[in-house]
Amino acid sequence: MSPRQHESHQDLLAHFGTEDVSRAAMDAIIMPTARPAPYLRQAIAAAKAQDAFLLFLCSKLSTISGAVLEAKNAGVRALAIDTDLLNPGLVPTFAADEIVRFTRFRRQTDTSYKRNLGLLIAVLAGWKRILFLDDDIELPNPADLGVAAGLLGEYPVVGLANAGMPDNSVVCHAIRDAGQKQDTFIGGGALAVGEAAFSSFFPNIYNEDWFFLLDGMKLRPSATTGTAIQKDYDPYRDVRRARGEELGDTLAEGVFGLFDSHLGLAHADRAYWREFLADRRRIIRDTIKLVQAAPIEAGQRTRMVDSLKAAIGRSELISPQLCVRYLRAWQEDCVRWRQRITDLRRDHHGGAGVEHAVAALGIPLEAQAGVDVRLSTGAKRRPSLPRSAARV
């Protein structure tokens, strides 16, 4: 075994064309969002086209009133929840998060929290097939969601293939921009999830969606189909991005590198991480040299080098012991999360709809807003919204 970062993990996925699969209904689209209401229109259009319930998990610049007004104008049934008003303990705390909470590796985002909350609501509402969709993703063909839903009978997770801005870490962007081969993988930006995978969770770390694909030991059967388009962004605008990604990118690339080599997490010991970290740092240093020699605009070249230096500076703080300790804590978290899901299904008999879900979780009235668009005769019946939700 030669511990190293691989340029592609696509061989770990099953690939399907949209013509090759029987379609199914998507019960709900879950969008974690921190952007203003206009960014929600892709999800609203997809929910309307697929007759799917729409759950917005809002914070920062995204307001529940703005979200449900957009949904009402489109004739889509939706519920918006202001996660800034929720008790953080609504979602279980994780031992892996505690390891990095008071360190430079702490991640200051709420995406994982929102996605985990979405999973809890899905279990209690009785949804079987859901789509996680980010607010910076476009869906050129919403019918692809039916294809992804059809695959969920065999594959617990199905990602839509990204045809837009590559969804990579800063380091992997730089590798590609320096002229080297660098592939992408499926991710939480456009990820269909079946009931069998609700027992996975999103740790609060970069590449949390890659960890969601695992069952605690190995990669769940995973597929890709259809098309999603990631909107453009500048990965080198702020060096803090590279620093914040380095631990999660290192862990995920290291773990998936084992899978590429037909090995498992049992091989992720200190010796493995010692060699992998050395190779990771070599790659970053080599990429810096390639960027400096490449015909790249001077300002862009400076930003790229600064970001890569920030990444390797943060990498120097990552020890083999930290990698082993984090993964062991994460595996313990996987067991606890599965038990949480089992307990919810036992105690609440999931299937009673969204009203039951928000009540069972104790989500306060002031954190909710809903729009209930009555369906025409013959349309498929959907779970009711909370009676107490604000109607617009």
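Predicted model: local features only at pLDDT ≥ 70, side-chain atom pairs only at ≥ 80, totals over all residues.
User: What makes the pair of Phe202 and Phe212 stacked?

Analyst: The ring centres of Phe202 and Phe212 lie 4.2 Å apart, and their planes stand at 0°. Rings pair if their centres lie within 6.5 Å, and planes under 30 degrees apart count as stacked. The pair is therefore stacked. By this rule, the count for the model comes to 15 aromatic pairs.

User: Which parts of the chain does the pair of Phe202 and Phe212 tie together?

Analyst: Phe202 belongs to the loop between strand 8 (190-194) and helix 7 (208-212), while Phe212 belongs to helix 7, so the pair ties together parts that are 10 residues apart in sequence.

User: How do you know whether Phe202 and Phe212 are buried or exposed?

Analyst: Buried means under 20% relative accessible area. Phe202 has 1% relative accessibility and therefore counts as buried. Phe212, with a relative accessible area of 0%, is buried as well.

User: Why is the pair of Trp210 and Phe256 called tilted?

Analyst: The centres of these two rings are 4.8 Å apart, and the planes of Trp210 and Phe256 meet at 50°. Planes under 30 degrees apart would count as stacked and those over 60 as edge-to-face, with the rest counted as tilted. The pair is therefore tilted. Trp210 in helix 7 and Phe256 in helix 8 (residues 239-260) are 46 residues apart, and their pair links distant parts of the chain. Both Trp210 and Phe256 are buried. Ring pairs also link these two residues with Phe185 and Phe259 into a cluster.

User: How do you know that the charged end of Arg35 sits over the ring of Tyr39?

Analyst: The charged end of Arg35 is 5.5 Å from the centre of the Tyr39 ring and sits over that ring. The distance part of the rule asks for CZ of Arg within 6 Å of the ring centre, and the rule also requires a position within 35 degrees of the ring normal. The charged end of Arg314 likewise sits over the ring of Phe105, 6.0 Å from its centre.

User: What is the volume of the largest cavity, and which kinds of residue line it?

Analyst: A search of the whole structure finds 4 cavities of 30 Å³ or more. The largest cavity has a volume of about 130 Å³. Its lining includes Ile137, Leu160, Asp167 and Phe185. Strand 7 (157-162) and strand 9 (222-230) are the elements that give two or more residues to this lining. The lining residues divide into 6 nonpolar, 5 polar and 1 charged.

User: How are strand 7 and strand 9 paired?

Analyst: Strand 7 and strand 9 pair in the parallel sense over 6 bridges, with Val158 opposite Ala223 in strand 9. Strand 7 is also joined to strand 8 by 3 bridges, and these two strands run antiparallel. Gly159 has Leu191 in strand 8 as its bridge partner.

User: Why is Lys60 called exposed?

Analyst: Lys60 has a relative accessible area of 58%. Exposed means over 50%, and Lys60 is therefore exposed. Lys60 lies in the loop between strand 3 and helix 2 (64-74), and has a positive phi of about 55° although it is not a glycine.

Conventions. Residues numbered from 1 in each chain as written. Heavy atoms only, no water. Phe/Tyr/Trp six-rings, centres within 6.5 Å; stacked < 30°, edge-to-face > 60°. Helix = DSSP H or I, 4+ residues; strand = E, 2+ residues; numbered from the N terminus. Buried < 20%, exposed > 50% of the residue type's maximum accessible area, 1.4 Å probe, protein only. 1 Å grid on protein atoms, 1.4 Å probe; cavity = no way out; pocket = protein on both sides within 12 Å on 5 of 7 lines; lining within 4 Å. Points joined across faces, edges and corners; volume = space filled by probe spheres on them. Nonpolar A, V, L, I, M, F, W, Y, C, P; charged D, E, K, R; others polar. Pairing = 2+ DSSP bridges.
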